[in-house]
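Visitor: Please guide me through some helical features of this model.

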Amino acid sequence: MTDTDTETDTGTAAGRVLIAADKFKGSLTAAEVAAHVTAGIRAERPGALVTSLPVADGGDGTVDAAVAGGFEAREAEVSDPLGLPVRAVFALRGDVAVVEMAQASGLALLPRWSLAPMTATTYGTGELIAAALDAGARTIVLGVGGSATTDGGAGMLTALGARLLDADGDPVPHGGGPLRDLASADLSGLDPRLAGTTFVLASDVDNPLTGPTGAAAVYGPQKGADPVEVEVLDAALATFVRVLERTEGPRAAELAASPGAGAAGGLGFGALLGLGASFRPGIEVLLDVLGFEAALADADLVVTGEGSLDGQTLHGKAPAGVAAAARAAGKRVVAVCGRLAIGEAELAGAGIEAAYPLTALEPDPERCMADAGPLLERTARRLAAEQL
C-alpha cells in the first residue's frame, strides 16, 4: 500500500513530498528506496508530509511495485526458461493483473554458466498468464524486460493453446533456434478467455522483431548468443513471421515491424499478434495502474530515481516517465540515484531540477551498493535540507 504520514508534532508541514522511485538494481527494491528516502527526509524535516508510491517500467521489479501500491501477490508454479519448475508471482487487484515475464522467463533465473540463447522459452510466461486468467483477471498488464529468451513469444502462445509444427507434423521444440524448422502454425486453439481480456504490453523497448535493430541482433548477445547464433535466431524469427502470415494474413508482418515487437526476445510480437495486446511505454502503464495522478495532486515535490541515472534513463525509463508526468502537472521534481552519468542540461531537459547520487558520499561503487540504504538516508537528508 502507499505509505502516507502526516505531521502531528509541529502542526506545520515542511512540504508535501511524493516518492516515486524505481529500484536500485542489485541493491534496493523500489519499496526499500522509498523507505530509506522517507526516513532521511523525516530525520531532516520532521514536519514533512511524505507519501511513497514505488514505481517500475515493466521490467523486473514491476510486480513488487504493484504489490507495494496495493495489489495482492499471487503465486503460481510455472516453467522457467529451461522448462524447469519455478515459483512465480503476479499481482492482482479486482480483475486487473500485473504479470512480469521476468518472473517466469527472466535471465536472472539462469546461472551465468547456463544461459541458453537458442532454447530458452517463454512457455512459463504463458502459464503465468493462464494463472492470472484463472484468478479472474480480465485486464492484464504484461511487463516485459530482462528476458532470457529469443523465441518471438512462441513458447507463451504454445502454453496458451497454439500449435506450432514442423514439416513432419510434430511440435517444434522450445526456443528461438528450433523455429527455423517451423512449417505450420495454428492459433485457433488459443484459450478462448484471451478474446475477452484486455492486454497491455508494457515495455520501454520499441525495437521491431527482426533485422539489424531486432530482438536477436540487439539483445541476443546479452542472453549468451554468439554472432552465428544471432544470425540463426534472426532467421528463425523471420521464418516464424512468414509461417504466421499464411494463417494470420499480412498483419503478421505488419506487427513484426511495429514498435515493441522485439521486446523481450520477441515476446512483444507474440503478445501483439496472439493476445491482441496494445503497446505502451511501461512507466506510463504502471503510473496509471498505481494511481500516480491522484497521488501527484497532493504533492509539492516529487522525488524519483533509480540505480543509475544515465543516457538510458532518458529513453522511457521510470524516472523520465515520472518527471514528464509531474512536469505536466506543474510539480517540481528531483532525483536520487546510485550514480549520475548525465549532465545538468540533460536532467533539466527531462524535467529533473537536481540529482543526488550516492557516489557523492561514497565514490567506491562496491561499497556504494553494499551500503546503499544508509547512504540513501544521508542523501535524502541533504535533499530535504536543500529542497524543503
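**Reading the helices**

Guide: Helix H10 is followed by Gly-291, whose phi is positive, near 80 degrees. Helices here are DSSP runs of H or I of at least four residues, numbered from the N terminus. This is a predicted model, in which local features need pLDDT of at least 70 and side-chain atom pairs count only at pLDDT 80 or more, while totals for chains, interfaces and linings use all residues. Residues are numbered from 1 along each chain as its sequence is written, and side-chain values use heavy atoms, with hydrogens and water left out.

Visitor: How many of the nine residues of H10 are buried?

Guide: Buried means under 20% relative accessible area, with a 1.4 Å probe and protein chains only. In H10 (residues 282–290), seven of the nine residues are buried, including Ile-283, Leu-286 and Leu-290.

Visitor: How are H1 and H15 packed?

Guide: Two packed helices are described by the angle between their axes and the distance between the axes. Axes are lines fitted to C-alpha atoms over the stretch in contact, and angles run from 0 to 180 degrees between N-to-C directions. H1 (residues 30–44) packs against H15 at about 45 degrees, with the axes 7 Å apart.

Visitor: Which residues is Gln-387 in contact with, leaving aside neighbours within four places in sequence?

Guide: Contact means heavy atoms within 4.5 Å. Gln-387, in H15 (residues 372–387), is in contact with Leu-301, Arg-332, Val-334, Glu-353, Ala-354 and Tyr-356. Gln-387 is buried, at 17% relative accessible area.

Notes:
Buried means under 20% relative accessible area, exposed over 50%, partly exposed in between (1.4 Å probe, protein chains only). Helices (H or I, at least four residues) and strands (E, at least two) are DSSP runs, numbered from the N terminus.
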